[in-house]
Amino acid sequence: MIPVHLCGELGIHVKIAPTGEYIMRVGRLLPISWTVAAILLLAGPTVWAEADSDLPQPAQECGIEDDGKDGLCGRAMGSLEPPPVVSIRGSDAEIDVVHCFLDIELGLNPNSVTGSNTLDIVSRSNGLTSVTLDLFDVMVVSGVWVDGLPVSFNHANDQIDISLGQSFDVDDAFTVRVEYSGAPYHLSAAAGYSGTHGSPAVDVIATHSQPFNAPAWWPCKNAIDDKFTMNMWVTSPDWMTVASNGRLDGVDALSGSRARYRWAETYPISVYLVSIAATNYTHWTESYVHSSGVMPVEFFLYPEDVSSVQPLLVDVVSMIETFSDPSCFGEYPFLDEKYGIAEFEGCCGMEHQTITSQGSFPERRTVHELAHMWWGDAITCATWHDIWLNEGFARYAESLWHERKPGGSHAAYLSHMMDYRPSSYDGTVYRYDISTTSAIFSSTYSYNKGSWVMHMLRHVLGDEVFYDVLAEYRSTYEGLAATTADFQAVVEMVAGQEMDWFFDQWVYQGGAPYYRFGWQADSSGGQDRVLLHVEQYQSAYPSFRMPIDVRVEYADSSTETFVVWNDREDQWFIIDTPQSVVDVQLDPDTWILRGAMTEVAYAPGCNQPAGDMNGDARVDLRDFALMQYCSTGSGGGLFSETLCICFDRDGDDDIDVDDYDVFAQCLNGPAADVSGCVSTAILFADDFDADTSAAWHINASGADTSVAFAYDYSADGIPSAPNSIGGTTLGIRLEANMIPPGAIEAITLSPLGESFSGQYTLQFDMWINANGPFPAGGAGSTEFVTGGVGCNNAAANQSDVTGSGAWFAVDGEGGSSRDFRAHKDSVEQSIASGQYHVASNNNTDTTLSGFFAPKSAPALQQANFPQQTGTTAAGSAGFQWRQFEVVVDQSAGTALWRIDGLDIATVDANVGSSVGLSGNISIGYMDPFTSVSDNAALSFGLIDNVRVISGP
């Protein structure tokens, strides 16, 4: 194996030479042993088409690349009343709809729908006496029955409040039957559609409910995560053919030249995927032959379009075969029913379960809607925030088709990915704003950037693991609904590695990296190599962590590709090669969603001081762990990004005992006989791996507080803190205000006999836990971790009560009006004081919400406590290890507070009185509210790896 000396991240391993020296080697392809990181629209359907902007678009003729969900596009016929905004009441969560029997008749001239929906429901709560269903007020409810008995109801505000006439408990089953009629909305935001085809004109009846509009034509529970089975009986004029979900159980001839189509959907379906399409279709069937039989593939086209459209659909069966391959998505998920395509008056496409509606038929649209049968229908996004799990996956499947179809190629895959590269990087794949259809179905972010997330994830994980992830995700959630966090958890389980870094930077946050790189060929000691410098220069976003392909070209015109892992602003790598290199390209196939990749002159590295191994202007135990990693392969994956070659201080190509001697002297402070040491040292440290309570002064505001030293937080499902040497899970656990009736409580700890002044920094790892469900949090769940400097040890730090020095407090789940708080002594500083670096110290501040992504509770807590569901609000610091820092410059009179490198506040003398910066440090926990947590076992803070570092 030709070694690659990555002064960067993954793949480092160590061999022991015969002399006993430790010699650093780097594997080309990341050796496993050291890998650390993978509607009823009568007379016209509602259609939204993709646009290149998230802003509302004017009505227009659809282009071939539009997808019909964000913006407007289609056959605009005039202005119509916009649809109402549907709100989902909390009562929805109290019921589980397991089956619907929708029996309706379609009327023409005027257009109408008349019928009933009978819902089989299971109670999710005790004492259930009423339910709420959704139906727009334009429709009329003529009666409601519960278990066959008439009951009272109120239909207003687009919902039906139903009295059950009795009480039901958890798991009790009952039926609700709603009879109704009316003329449904034309649900376009600004335009209607003709609702006819051909010449002379023939009526078309079609539905398109996504995202909020199922109640426009049938009474339902309009919640996408509650799936159900369904029977759909549709009576229409007998000249119509009715296409719908599932299998056709039969067609009944009725009086009055009518026919009733009886469709049955036996697989779980989400409300917005229920569909009707009816007109004088030409209908034909093809066959998908699979291992256990034959499945019908059905087509419903306007007669006048058959000759032109039928040739465009010749590959549909091949598409099903391709995606059903076990090495791709696995078998088509609705095998006992069908796959079908029904033409409708929308310009684009809608993935109704088993019966896609399409208004045009380019190859990529047909592929996209078919792929939704796996990603969107079999597995449905649990919230509209997570729509990329539907649309990003399906957009990505378009590229996979070009790779895997008969005659396809990897080059065609890459080319299609480039065709749908997002036009902007700044927004997020996770849709925080779901107030409008355009915000949800952003072509730039939900579709294109979402597909690039899958593209990049494939490269990060490798093909084998990537397709294993898809298989496990399907196995776990088929027939259900999933969130982004659910998908991430599957990725982490299959890949065997934590993937917060990937999902945070590519899904929950915006931006993309921009790269400059320089290289230089080198040959010494008989070894050819490339010296490579990579710089990330984006200004609005932090450094991204990604593997980068490095393709080198040799003098004989052959090429070879290596992989380096990069996550720093500046990073150097050494790549050993078998022959002299004449050219270098970075990410030539564009596996990274990035801005420019610019080649510049090579700039040598390794300029940091001798003892400062990670370049943070301090010499501390983190540097030791980094050096240990580079010399032995141990020390933890968190430190694998370092420039290992720069640790060779004596230039002998080994990281050995001589280099350790240099480091040791620098660790103990600047040494006269060692040049280049950074002038910092550790002044105080406690990792809490043992019970050190005797070495700490503890101030508590009352008895309802608690601190546990050497607490093993793995019992709470929490991983090792990032600065724990050796991966230990011991720290201190802090609690306050645990016992009713509740009172404001705080506890503060300071090390005995310590006092600090001048220029120094307090650092510690912090985890804030809370009880759910999130994002609102459970009762009494908002509590704060605190840390400060200039403490006089006299009393606990408690907002506007007691406190000393400059100290700071942060909560975990965003339940306070002020989630990030700075204090001078006992006085909390207001946002108007100018002491903050953010416009608001509430988690909703754009800087904070963009920096701190939503987080979910650890899997163990979710398993043991049913309320630990959902994710925290954006801008909240809980459920992840954070580094809390207070940087003191006594000469300037400032104490700067930052979390994970983000500056939050600087306390100084510019407002009010000055504050003491000399004295002891403090760490602690505070509940500034009297409410007691409804699950005290989940409301606590953790602190680990406290350090006080000297120097600037």
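These legends walk through several close-up views of one predicted protein model.

Before you start, note that residues are numbered from 1 along each chain as its sequence is written. As this is a predicted model, local features need pLDDT of at least 70, side-chain atom pairs count only at pLDDT 80 or more, and totals for chains, interfaces and linings use all residues, while side-chain values use heavy atoms, with hydrogens and water left out.

**View 1. The whole protein, for orientation.** The protein has 14 helices and 49 strands; these are DSSP runs, numbered from the N terminus, with helices (H or I) of at least four residues and strands (E) of at least two. Of its 952 residues, 59% are buried, where buried means under 20% relative accessible area, exposed over 50%, and partly exposed in between (1.4 Å probe, protein chains only). The accessible surface comes to about 32,600 Å², and 52% of that belongs to carbon and sulfur atoms; such areas come from the Shrake-Rupley method with a 1.4 Å probe, and for residues only the protein chains shown count as cover.

**View 2. Where to read with care.** The average pLDDT is 84, and 81% of the residues score at least 70; pLDDT is the predictor's confidence in each residue, from 0 to 100. Over residues 70–91 the pLDDT is below 50, yet this stretch has 87 contacts in the model beyond near neighbours in sequence. A contact here means heavy atoms within 4.5 Å. Where pLDDT is low, the predicted coordinates should not be read in detail.

View 3. Arg124 sits in the loop between strand S6 (112–123) and strand S7 (128–134), while Asp96 belongs to strand S5 (residues 95–107), so the pair links distant parts of the chain, 28 residues apart. Arg124 counts as partly exposed at 43% relative accessibility, and Asp96 as partly exposed at 22%.

**View 4. The salt bridge between Glu828 and Arg818.** The closest N and O atoms of Glu828 and Arg818 are 2.7 Å apart. Glu828 lies in strand S44 (residues 827–829) and Arg818 in the loop between strand S42 (806–811) and strand S43 (820–824), so the pair ties together parts that are 10 residues apart in sequence. Glu828 is buried, with a relative accessible area of 12%, whereas Arg818 is partly exposed at 30%.

**View 5. Asp819, a buried charge without a salt bridge**. You will find Asp819 in the loop between S42 and S43. Its nearest side chain of opposite charge, Arg821, is 6.9 Å away; Lys and Arg count as positive and Asp and Glu as negative, with His and the chain ends not counted. The Asp819 side chain does reach two backbone nitrogens: that of Ser816 at 3.1 Å and that of Asn843 at 2.7 Å. Leaving aside neighbours within four places in sequence, the contacts of Asp819 include Phe784, Ala809, Asn841 and Asn842.

**View 6. Arg733 and its partners.** Arg733 is in strand S38 (residues 730–736) and is buried, with a relative accessible area of 10%. Its side chain makes a polar contact with the side chain of Asp716 at 3.3 Å. A polar contact is a pair of N or O atoms within 3.5 Å; within protein, one must be able to donate a hydrogen and the other to accept it, and residues adjacent in sequence count only if both atoms are side-chain atoms. The Arg733 side chain also reaches the backbone oxygen of Ala937 at 3.2 Å. Beyond neighbours within four places in sequence, Arg733 has contacts that include Ser706, Tyr711, Phe940 and Leu942.

**View 7. Helix H2 among its neighbours.** Eight of the nine residues of helix H2 (residues 316–324) are buried, so H2 is largely enclosed by the rest of the structure. Among these buried residues are Val316, Met319, Ile320 and Phe323. The buried residues of H2 pack against strands S21 (282–290), S22 (293–301) and S23 (339–343), along with helices H3 (363–371) and H4 (388–404).

Terms used
A salt bridge is a side-chain nitrogen of Lys or Arg within 4 Å of a carboxyl oxygen of Asp or Glu.
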